[in-house]
Amino acid sequence: MTEAEKLLMDRRPIFCKQCGGKLFYQNSGEYRCEDCEATELDDFGKIKRFLEKNGPSPATEIAEETGVALEIINLYLKNGRLEIPENSKYYIKCERCGCALRFGRFCYGCAKELVGQLNSAMFEEMGEKPKAGGINEKGKMHFLERERNMK
């Protein structure tokens, strides 16, 4: 679990403010008390309710009106749970190349390149399980066939 995920988990309501009963997650940032059925909102629920009532708004206004820190709003943008509307004056930046993004951490081009690098690294380091039936060439180390073919 990343630090960001831990931060978001730590900010979830657990007990009812009205009766102290245990809260259970319903959906979209809303929790319901098992005893009195009161509802509580986590940070995402507060943001969602604000946006439903007021429409697209700047992050600073959302933070001010909901009490949710800008850092938390940015985490929701990076996680793809919130998005910046088209034609906004402000966007978040790709963590690799710095281009403007409406949501997420990386633009399509950088994500594609990173996945390609990860794939090549994974397959380059991937080993092979021994085949059933014993040891090859009396247990002696030898060159892989693909190494011979490359020369």
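The chain holds six helices and five strands, in a model that is predicted rather than experimental. Going along the sequence, these elements come in the order α-β-β-β-α-α-α-β-β-α-α. Of the 151 residues, 23% count as buried. The chain exposes about 11900 Å², and carbon and sulfur atoms supply 53% of that area. As for contacts with a separation of 6 or more, 20% of them link residues 24 or more positions apart.

Next comes the largest pocket, which has a volume of about 510 Å³. Its lining is made up of 20 residues, with Ser57, Pro58, Ala59, Ile84 and Pro85 the closest to the centre. By residue class, the lining splits into 14 nonpolar, four polar and two charged. Helix 2, helix 3 and helix 4 (70–78) each put at least two residues into the lining.

Serine 57, one of the residues closest to the pocket centre, sits in the loop that runs between helix 2 (43–54) and helix 3 (59–66). A polar atom of the serine 57 side chain lies 2.9 Å from the backbone oxygen of glycine 55. Setting aside neighbours within four places in sequence, serine 57 is in contact with Phe50, Leu51 and Ile62.

Threonine 66 belongs to helix 3. Is this residue, threonine 66, buried or exposed? Threonine 66 counts as buried because its relative accessibility is 15%, and the cut-off for buried is under 20%.

Not counting residues up to four places away, threonine 66 touches Lys46, Ile47 and Phe50. With isoleucine 47, 19 residues apart along the chain, the C-alpha separation is 6.7 Å.

Helix 4, another contributor to the pocket lining, has Ile72, Ile73, Leu75, Tyr76 and Leu77 buried. In an α-helix there are 3.6 residues a turn, so residues three or four places apart point the same way. After helix 4 comes glycine 80, with a positive phi near 80 degrees.

How values were computed: Residues are numbered from 1 along each chain as its sequence is written. This is a predicted model: local features need pLDDT of at least 70, side-chain atom pairs count only at pLDDT 80 or more; totals for chains, interfaces and linings use all residues. Side-chain values use heavy atoms; hydrogens and water are left out. Helices (H or I, at least four residues) and strands (E, at least two) are DSSP runs, numbered from the N terminus. A polar contact is a pair of N or O atoms within 3.5 Å; within protein, one must be able to donate a hydrogen and the other to accept it, and residues adjacent in sequence count only if both atoms are side-chain atoms. Contact means heavy atoms within 4.5 Å. Buried means under 20% relative accessible area, exposed over 50%, partly exposed in between (1.4 Å probe, protein chains only). Accessible areas come from the Shrake-Rupley method with a 1.4 Å probe; for residues, only the protein chains shown count as cover. On a 1 Å grid over the protein atoms alone, a cavity is a set of points where a 1.4 Å probe fits but cannot get out, and a pocket is an open set with protein on both sides within 12 Å along at least five of seven lines; lining residues have an atom within 4 Å of a point. Grid points are joined across faces, edges and corners, and a volume is the space filled by probe spheres set on the points. Ala, Val, Leu, Ile, Met, Phe, Trp, Tyr, Cys and Pro count as nonpolar, Asp, Glu, Lys and Arg as charged, and the others, Gly among them, as polar.
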